[in-house]
Amino acid sequence: MLTAKDLMGTGLKSLDFKQKKVLTETWKANAKYGWDQGIAIGRYLRELKHGKIIGIKCHKCNRTVVPPRIFCEWCFKPMDEWVYLKDTGIVNTFSLCYVTWDMKRLTEPQIPAVIEIDGASPGMGIMHLISEVDPKMVTRGMKVKAVWKPENERIGAITDIKYWKPIK
Amino acid sequence: MGRRVAVVGAGMTKFVRRAQETGKELCWEAAKMALDSCGMTLDQIDCVVLGTAPDTFDGVHMKGEYLSDGAGALGKPYMRCYVGGGTGVFAPIQGWYHLASGHFDTCLVVCEEKMSSYQPHPQGAFLTIFDHTTERPLKPNLLWIFALEMNRYMTTYGFKKEDIARVAVKNKKNALDHPAAQIPEQYTIEDILNSEVLAWPVQRLDVSPVSDGAVAIVMTNENVARRVTDKPVWVEGVGWALDTAYWTNRDLCYPRYVEVAARMAYQMAGITDPAHEIHVAEPYDPFDYKELHHMEGLLLCGKGEAPIITAEGKTERDGELPICPSGGLLGVGNPIAAAGLMKVAEIFWQLRGEAGKRQIARKAKRGLAQAWGDLMQVGTVIVLGI
C-alpha cells in the first residue's frame with residue numbers, strides 16, 4: 001500500500017518564492033496573429049455591420065444554423081441558403097460571473113449567456129452578454145433583444161451588438 | 001479485437017499547486033515508480049506514449065519532445081497525444097493499440113502536466129479555445145463555459161446547488177486517504193454553498209485546483225503480463241468520440257459524445273447493462289456537476305438520476321456503485337493529462353485490491369475511467385477488468 005513517503009513530487013509555497021529559495025525564469029511571448037474571417041463568418045460580420053443577424057440553412061437536414069458555416073457538419077454537403085434571422089432570442093443558459101480570466105474580482109457580475117436566435121432551428125445559440133437587467137431577474141427561457149451600437153460605430157464584429165436586454 | 005492487453009504497473013508523483021520539479025523531472029519520477037512497481041526496467045519497454053495538455057502552459061513548442069527524455073523515450077518509438085482534458089484516458093488508449101496491433105509487446109504510458117509555469121494564472125492558457133472572431137472579442141473566461149453548462153443541467157431537471165455540492169463533499173473527503181492528494185478536506189454541504197461565487201452557479205469549492213504532477217502506467221501484451229505479475233488488469237474496452245466545436249449549438253444538458261465513447265467501449269467489453277456490470281468508476285470530475293453529467297453519459301444511471309443516487313449514498317466508497325473513490329480531481333488535484341491517468345491508476349489499484357484505505361467495500365471485477373476535454377466536447381473511456 002502506498003504512503004506519502006513512497007511518492008516523489010516537491011510542493012512549493014509562496015513563502016519559498018518570497019525567501020528566494022527557488023529560482024525562476026520569466027519570458028514574455030510576442031504572439032501576434034491576423035485571422036482570416038473566412039467565407040461564412042465574413043458574411044456574418046458584414047451583416048452585423050448592417051444591424052442584421054444572418055444564419056444559413058441546410059435543406060437536406062432541414063436545419064438553419066448560426067453562426068453560419070459553408071458546409072453542414074451533419075451531412076457534409078454545402079449549405080443551401082442564407083437566411084436572415086431576427087435580432088431577438090431566448091436565453092438557453094446563463095451565468096453570473098464575478099471574476100476575470102486572471103481571477104480579479106468584479107463587484108457587478110458579467111452575464112454571459114447562450115442565446116437561441118429567433119428564426120434559427122431550436123437549440124441554435126450564440127454566446128453573448130446580457131445587460132440592462134437586475135442579475136437576480138435573469139432566467140433560462142427569458143426573451144431578449146440585441147442592443148446594437150450606433151451604425152457609425154459598427155465595424156463588422158460580434159461586438160457590434162453591445163449586449164442583449166430582456167423584452168416582454 | 002486485436003491481442004489482449006494488460007496494465008501491470010502504475011506510479012505517480014504527489015499532486016501539488018506548484019512543484020519544484022520541471023515537467024521532465026516529474027515524468028521521470030512517475031515513470032520510475034511505475035516500472036519499479038512491476039519489477040521492470042526501461043530496456044524492457046518497446047515504445048512510449050506521452051500525454052500532456054497545451055504547449056501554452058509551459059511556453060514550450062513541441063512539449064512532447066522536450067519531455068521525452070523524462071518519459072523514458074530515448075531511442076524508442078514515441079508518440080505524444082493530446083485531446084485537452086481527455087488526454088489522460090486517451091493516452092492509455094494509444095498504448096492499447098500499440099500493443100493490440102501486435103507490433104509491440106510493452107508500452108510505458110506517461111501523463112504529465114505543469115500548470116504552474118503560466119503567469120499570472122493558467123486559466124489564461126485556455127482563452128484561445130474560444131472562437132477568435134465570434135467569441136474572443138467578448139472577452140470570455142474559461143469559467144463561463146462550465147457555468148453555462150452547469151446551469152443548463154440544473155435548470156433542465158430542477159436541481160439545487162446542494163444536489164450538486166454532495167459530489168464535492170464526497171470526493172474531497174475520499175481524497176483524505178490518497179497520499180498524493182493536493183486538497184483533501186472534510187467539508188459539509190454548507191461549506192460548499194458558502195464558498196465564494198466565481199461564475200454562478202460555479203462556486204470556489206465546486207472546482208478542482210490548478211496542479212502540477214505526473215502519472216505513469218506500464219502496459220504489456222498477455223505473455224509479458226503473465227510473466228511479470230500474477231495480478232494483470234486487462235483492458236476490456238476502449239472508446240472515444242467528439243461532439244461539434246460549435247458548442248453553442250450543442251445540447252449542453254447531456255454529454256452525448258461521452259455516451260458514444262462509452263457505447264464503443266461497452267460493445268468491445270461485451271457489456272450490455274453498464275449500471276450493474278461496471279463495479280467502480282472514475283468519471284472525470286474537474287467540477288462537481290461534471291461527475292453527475294458524466295455518470296449519465298456513461299449510462300451508469302438514467303438522465304437526471306445521478307444527483308438522486310448520489311444523495312442515496314450509492315456512489316460512496318461503501319456504496320453499490322462507488323464513484324471517484326480516489327478523491328477525483330476535486331480532491332486529489334487536476335494536473336490535466338495526469339489527472340485522467342490518475343483515474344486509470346486508481347481503477348488498476350482498486351481491482352487489484354491495493355487501494356489501501358481507499359479500497360471500496362464491494363467486490364469489484366470491472367471498473368471504468370473516463371476523461372473529458374478539448375472544447376468541452378471529447379469523451380474518452382477505458383474499461384478495465386480482472
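Trainee: Which residue of E5(B) stands opposite Leu96(A)?

Mentor: Trp200(B) in E5(B) stands opposite Leu96(A). Two strands count as paired if DSSP finds at least two bridges between them, and helices (H or I, at least four residues) and strands (E, at least two) are DSSP runs numbered from the N terminus. Here strand E5 (residues 96–99) of chain A and strand E5 (residues 197–200) of chain B pair in the antiparallel sense over two bridges. Cys97(A) likewise has Ala199(B) of E5(B) opposite.

Trainee: What should I know about the model and its labels?

Mentor: This is a predicted model, in which local features need pLDDT of at least 70 and side-chain atom pairs count only at pLDDT 80 or more, while totals for chains, interfaces and linings use all residues. Residues are numbered from 1 along each chain as its sequence is written, with chains lettered from A and ligands numbered from 1 in the order in which they are written.

Trainee: What is the strand order of the open sheet of four strands?

Mentor: The order is E6(A)-E5(A)-E5(B)-E6(B), with antiparallel pairing. Strand E6 (105–110) of chain A and strand E6 (202–203) of chain B stand at the edges with a single partner strand each, so one side of each has no neighbour in the sheet.

Trainee: How many residues of chain A are in contact with chain B?

Mentor: Contact means that C-beta atoms, placed from the backbone, lie within 7 Å. By that test, 45 residues of chain A are in contact with 47 residues of chain B. On the chain A side, the elements giving two or more residues are strand E4 (88–94), E5, strand E7 (112–117) and strand E8 (125–129). The largest share, five residues, comes from E8(A).

Trainee: Why is E4(A) described as largely enclosed?

Mentor: A residue is buried if 20 or more other C-beta atoms lie within 10 Å of its own, exposed if 12 or fewer, and partly exposed in between; C-beta atoms are placed from the backbone. Five of the seven residues of E4(A) are buried, so the rest of the structure largely encloses this strand. E4(A) runs antiparallel to E7(A), joined by five bridges, and Val91(A) has Ile115(A) as its bridge partner in E7(A). E4(A) also pairs in the antiparallel sense with strand E9 (residues 143–148) of chain A, over three bridges. In that pair, Thr88(A) stands opposite Lys145(A).

Technical notes:
Contact = placed C-beta atoms within 7 Å.
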